[in-house]
Amino acid sequence: MAQATTSTNNVPVIQVEKVSGPWRDAWKAFRRNKIAMAGMIMIVLFVLIALLAPVIAPYDYKAQQLADRLKPPSSAHWFGTDDLGRDLFSRVLYGARISLWVGTFSVVGSIILGTLFGILAGFYGKWVDMIISRMFDILLAFPSILLAIAIVAILGPSLQNALLAIAIVNIPTYGRLVRAKVLGLKNEEYITAARSIGMKDSGILLWHILPNSLTPIIVQGTLGIATAIIEAAALGFLGLGAQPPAPEWGKMLSDSRQFIATAPWTVVFPGVSIMLTVLAFNLMGDGLRDALDPRMKN
């Protein structure tokens, strides 16, 4: 809005106020949350580490030097070496690629399918809602990690199958979230107005329902990446995820558990990497929830 004022020379000066919007306001609220900003900075650092791993890593993560097996941290090997003499620092750096890749793409797959099913169930209701909701109930009847283990056991242990299993078990989380949001949106006046002017259901879903359902999806997706990283690490620990010589953090923990007493660094560094990554996404997710949820605002 423009406001007219008078300068010392009696010349009117127009002051233009900055236009605000929901996303701009959310970003301002997010920036004021120091803990959430710390989480975002940590995520950016992990992403940079993953992208620049070939440049930063001092050794080939697959290179074995049995003469240097189980060496403690030193200037030559910052994180020490594992039981095969491989440099742990290099393997942890490359492990960031795997964990972030699995966490991100499994959540993206869950969001796409969950959003699709949730919108259809909430918008059309009746038998469509009944079938999709019962499908969600069946998937939610099993503990997520056990269902993921069963899926990988059927498909075969591999990183790709672990990603697929994690995506499948998390579909109901996003589907039910979107369904609840759509149930509240489809009776709004602007939806009725869109119908009255002849807009098709596909247009209403694409241009009105979906954009107004993004807020909870963004928040849950950020938190979901942390959960997916933990699930990927659990599958790797059980030998159902990434296979050797891939430097997946959960697999590294599994391979080093027998050396906890004699070479604790082989467990500490992969474990701390998992903890920090999950913590960063949780902090950022909490900050996004506070910034985007109107009920959290004063």
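Which handedness, left or right, does the crossing of α4 and α11 have? The crossing of α4 and α11 is right-handed. The legends below describe close-up views of a predicted model.

**View 1. Packing of helix α4 against helix α11.** Helix α11 spans residues 214-237, and its axis comes within 8 Å of the axis of α4. The two axes cross at roughly 130°. Because of this angle, α4 counts as oblique to α11; angles from 65 to 115 degrees would count as roughly perpendicular, and those over 145 as roughly antiparallel. The hand of this α4 and α11 crossing is right.

**View 2. Packing of helix α2 against helix α4.** Helix α4 covers residues 88-124 and packs with α2 at an angle of about 110°. The axes of α2 and α4 lie 7 Å apart. The angle therefore makes α2 roughly perpendicular to α4. The crossing of α2 and α4 is left-handed, whereas that of α4 and α11 is right-handed.

View 3. The side chains shown belong to I41, V44, L45, V47, L48, L51, L52, V55 and I56, which make a nonpolar surface patch of about 800 Å². Helix α2 provides the largest share, with six residues. One of the patch residues, I41, lies in helix α2. The relative accessible area of I41 is 49%, so this residue is classed as partly exposed; the class of exposed residues begins over 50%.

View 4. Eight salt bridges are found in a search of the whole structure. R134 is partly exposed, because its relative accessibility is 44%. D137 also falls in the partly exposed class, with a relative accessibility of 31%. In general, side chains of opposite charge can pair when their charged atoms come close.

**View 5. R289 and its two aspartate partners.** R289 forms a salt bridge with D286, in which the closest N and O atoms are 3.8 Å apart. A salt bridge also joins R289 to D290, with 3.4 Å between the closest N and O atoms. R289 and D286 lie in helix α13, three residues apart, which is about one turn of the helix. The relative accessible area of R289 is 36%, so R289 is partly exposed. D286 is partly exposed as well, at 30%, and D290 is partly exposed at 26%.

**View 6. A salt-bridge network formed by D82, R86 and R91.** Salt bridges link D82, R86 and R91 in a network.

**View 7. The buried residue T277 in helix α13.** T277 lies in helix α13, which runs over residues 265-292. With a relative accessible area of 2%, T277 is buried, because the buried class takes in values under 20%. T277 and Q65 are 212 residues apart in sequence. In space, the C-alpha to C-alpha distance between T277 and Q65 is 29 Å.

**View 8. The cis peptide bond from P244 to P245.** The peptide bond from P244 to P245 is cis, and its omega is near 5°. P245 is located in the loop between α11 and α12 (249-256). As a general rule, most peptide bonds are trans.

**View 9. Positive phi at L70 and K126.** L70 has a positive phi of about 55° although this residue is not a glycine. The position of L70 is in the loop between α3 and α4. K126 likewise is not a glycine and has a positive phi of about 55°, but K126 is found in helix α5. The relative accessibility of K126 is 74%, so K126 counts as exposed. Most residues other than glycine have a negative phi.

Key
Residues are numbered from 1 along each chain as its sequence is written. This is a predicted model: local features need pLDDT of at least 70, side-chain atom pairs count only at pLDDT 80 or more; totals for chains, interfaces and linings use all residues. Side-chain values use heavy atoms; hydrogens and water are left out. Patches are made of residues with over 30% relative accessible area and no salt bridge: like charges are joined within 9 Å, nonpolar side chains (Val, Leu, Ile, Met, Phe, Trp, Tyr) within 5 Å. Accessible areas come from the Shrake-Rupley method with a 1.4 Å probe; for residues, only the protein chains shown count as cover. A salt bridge is a side-chain nitrogen of Lys or Arg within 4 Å of a carboxyl oxygen of Asp or Glu. Helices (H or I, at least four residues) and strands (E, at least two) are DSSP runs, numbered from the N terminus. Buried means under 20% relative accessible area, exposed over 50%, partly exposed in between (1.4 Å probe, protein chains only). Axes are lines fitted to C-alpha atoms, for helices over the stretch in contact, and angles run from 0 to 180 degrees between N-to-C directions. Angles under 35 degrees count as roughly parallel, over 145 as roughly antiparallel, 65 to 115 as roughly perpendicular and the rest as oblique. A crossing is left-handed if the near helix is turned anticlockwise from the far one by less than a right angle, and right-handed if clockwise.
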